[in-house]
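Colleague: I'd like to learn how to read a few features of a model like this one. Could you walk me through them?

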Amino acid sequence: MKLAAVQYRAPKGRPDRARAELAVLVADAGGRGADLVVLPEMATTGYIWESPAEIGPLAEPPRGPTFRVLSEAAASAGCWVVCGFPEAFEQVGGPPDQRWVALYNSAMVISPAGELVTCYRKVLLFDADETWANPGHRRVVVPADFGRIVPGICMDLNDPGFTGHLERVDPAVLAFCTNWLEEGLDVHAYWASRLGGWRGWTVAANTWGDDRGTRFCGRSAILGPGGVVVAQAGVEGDGILLVDTEA
């Protein structure tokens, strides 16, 4: 299988531009033979938001505009796509005064046919998520021709429940959408240490640069079994990492 991690810095609060740029990156990776393309956490909007009222107008349902753009890109390229985005879940039905919208830090999983297979909601929230997002409660596993995919989002890797899930379901790939901060550590060694005894492939797609004074570390990577770094990006710059696991 060929795996692609996309390092990308979203234009803050400009999802239409982000969607167009992400579609180009997916098409590029798919055109180079990628079976799976992983995009960063909150890839359409940027990460730091102060309240539900601030991020709310940029949030969208799983089958919203981001899905429509990336669905076409996935189907054209014939590849799986996993993309982080702010999800707006609207409760419908019942009296109008009892309807509500919940916000989640989520990742959509799109099949090579352009279908929405699932939407995973980040379970373990980081401090910056807690200003606006609700936690998810459901782990996800997705069957693919090359093996099972488990989507994960950033802080999930610090959750023993998530790493235990990896060991139990033993997927071929962890599709890891992240906005990992610069903390002055060897981030690849840390990620590898958190994977425990699981021995699949990790496709870590990160952002880079600053967002309201918070700096992200870049260094997107593809890790082989045992946490061995097979490909890595720099600390800055958009780009694609592509690895053929059978080469």
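Predicted model: local features only at pLDDT ≥ 70, side-chain atom pairs only at ≥ 80, totals over all residues.

Colleague: Backbone first, then. Where is C154 found?

Modeller: Most residues other than glycine have a negative phi. C154 sits in the loop between β7 (147-153) and α4 (160-169), and its phi is positive, about 40 degrees, although it is not a glycine. R212, in the loop between β10 (208-211) and β11 (214-217), also isn't a glycine and has a positive phi of about 55 degrees.

Colleague: Is C154 buried or exposed?

Modeller: Buried means under 20% relative accessible area, exposed over 50%, partly exposed in between (1.4 Å probe, protein chains only). C154 is buried, at 8%, while R212 is partly exposed at 45%.

Colleague: How do two packed helices get described?

Modeller: By the angle between their axes and the distance between the axes. The axes are lines fitted to C-alpha atoms, for helices over the stretch in contact, with angles from 0 to 180 degrees between N-to-C directions. Here, α1 (residues 15-31) and α3 (residues 65-77) have axes that come within 9 Å and cross at roughly 15 degrees. That makes α1 roughly parallel to α3 (angles under 35 degrees count as roughly parallel, over 145 as roughly antiparallel, 65 to 115 as roughly perpendicular and the rest as oblique).

Colleague: Which residues of α1 make the contact?

Modeller: Contact means heavy atoms within 4.5 Å. On α1 they are R19, L22, A23, V26 and G30, and the α3 side includes P65, V69 and L70.

Colleague: And which residues touch the most other members of the largest nonpolar core?

Modeller: A nonpolar core is a set of buried Ala, Val, Leu, Ile, Met, Phe, Trp, Tyr and Cys residues joined through side-chain atoms within 4.5 Å. The largest has 45 residues, with L3, L36, L174, W191 and I222 touching the most other members. Strand β8 (residues 173-177) gives the largest share, five residues. A second, separate core of 27 residues includes A23 and L25.

Colleague: What about A88, in which strand does it lie?

Modeller: A88 lies in β3 (residues 80-91) and is buried at 17%. P61 is 27 residues away in sequence, with 5.1 Å between the C-alpha atoms of A88 and P61.

Note on methods:
Residues numbered from 1 in each chain as written. Heavy atoms only, no water. Helix = DSSP H or I, 4+ residues; strand = E, 2+ residues; numbered from the N terminus.
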